[in-house]
Amino acid sequence: MKIIVVLFSFAFLFLSTLATCTTNTPNKALPTIKDTEGNPLNKNSRYFIVSAIWGAGGGGVKLANLGNQDQNNCPTSVVQSRSDLDDGKAVYIIPNDPKHDIITEKSTVHIKFYLDSPTCSDYAMWKVDNFPEPAEKYPISTGHSTNMNVQFQIKSLGDSTYKLVFCPHGNKLTCQNVGIASENGFNRLVLTENAKAFVFKNEKRIGMSIV
C-alpha cells in the first residue's frame, strides 16, 4: 500500500509540474526572447526597447506628439529617441494567450507602454495605423485598436539582438518588419523592408502593472 501511495504522489507531482510548464511557456521548442542580462522576457516585467547599435543607432522607443494625432492630450506616435542616453518609455510585452508568461520567438504578442498617467491609459497599446486599408505607409502609434492591427512578433537577429515584426494573421508569410522613418524631426516606427535591430533592457523600478 505504501508503494502505491508513493507512486501516486510522484505521478501527481509530475503532472502538476508539466501543467505549470505548459502554462508558463507557449512552446518549449521555440527559443525564448531574452533581455540584455540573459533572462527570458516575462509579461509581468517592464522593458525598454532600445537600439542594438550604440551611438549613432539612437536610443529607446517612446511616445511623441508629431502633430497628426487625434484630439487628445496624450502623445500617440511611437518613435525612437535620437539620443543613445535615452532608454525611452518602458513597455509590457503581453502574449496573445493569457495563460503564458514567457515570451518566445514567433509567438503573437501585444506591446503596451507603461504610462504613469491614468488619463492616457487608453493610448498605451501599440497598433499599426491605416491597416488593413491600402496606404502609402503604415506608421506605429497607440490608441484604440482592432484585434488585427495589434499583433506583433519578436524574431532573433543573432547575438541577443531582435527585430519586431507585424503579423496580422500570425503567418510568417504575411509578417512585415518594423523599422524607422524620419517624420517631423523624429524617427518614427513604421512598417518597412529594413528592420531596426533592438535589445530589451529590464526596467526594474517598482510600480503598478497595467496588464
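**Figure 1. Lys127, Asp129, Lys137, Glu183 and Arg188 are linked in a network of salt bridges.** A salt bridge is a side-chain nitrogen of Lys or Arg within 4 Å of a carboxyl oxygen of Asp or Glu. The model is predicted: local features need pLDDT of at least 70 and side-chain atom pairs count only at pLDDT 80 or more, while totals for chains, interfaces and linings use all residues. Residues are numbered from 1 along each chain as its sequence is written, and side-chain values use heavy atoms, with hydrogens and water left out. The structure holds 10 salt bridges.

**Figure 2. Glutamate 203 and arginine 46 form a salt bridge.** The N to O distance is 2.8 Å. This pair links distant parts of the chain, with glutamate 203 in strand 12 (residues 198-203) and arginine 46 in strand 1 (residues 46-51), 157 residues apart. Strands (E, at least two residues) and helices (H or I, at least four) are DSSP runs, numbered from the N terminus. Both glutamate 203 and arginine 46 are buried.

**Figure 3. Lysine 62 forms a salt bridge with aspartate 86.** Their closest N and O atoms are 3.1 Å apart. Lysine 62 belongs to strand 2 and aspartate 86 to the loop between strand 3 and strand 4, 24 residues apart. Lysine 62 is partly exposed at 25% relative accessibility, as is aspartate 86 at 23%.

**Figure 4. Valine 91 lies in strand 4 (residues 91-95).** Valine 91 is buried, with 1% relative accessibility. Beyond neighbours within four places in sequence, the contacts of valine 91 include Ile49, Ile111, Phe113 and Trp126 (contact, heavy atoms within 4.5 Å).

**Figure 5. A disulfide joins cysteine 74 and cysteine 120.** The sulfur atoms are 2.1 Å apart (disulfide, a pair of cysteine sulfur atoms within 2.5 Å). The torsion about the S-S bond is about -90 degrees, so the disulfide is left-handed. Cysteine 74 and cysteine 120 are both buried.

**Figure 6. A disulfide links cysteine 167 to cysteine 175.** The S to S distance is 2.0 Å, and the link is right-handed, with 115 degrees about the S-S bond. Cysteine 167 is buried at 1% relative accessible area, and cysteine 175 is buried at 18%.

Notes. Buried < 20%, exposed > 50% of the residue type's maximum accessible area, 1.4 Å probe, protein only.
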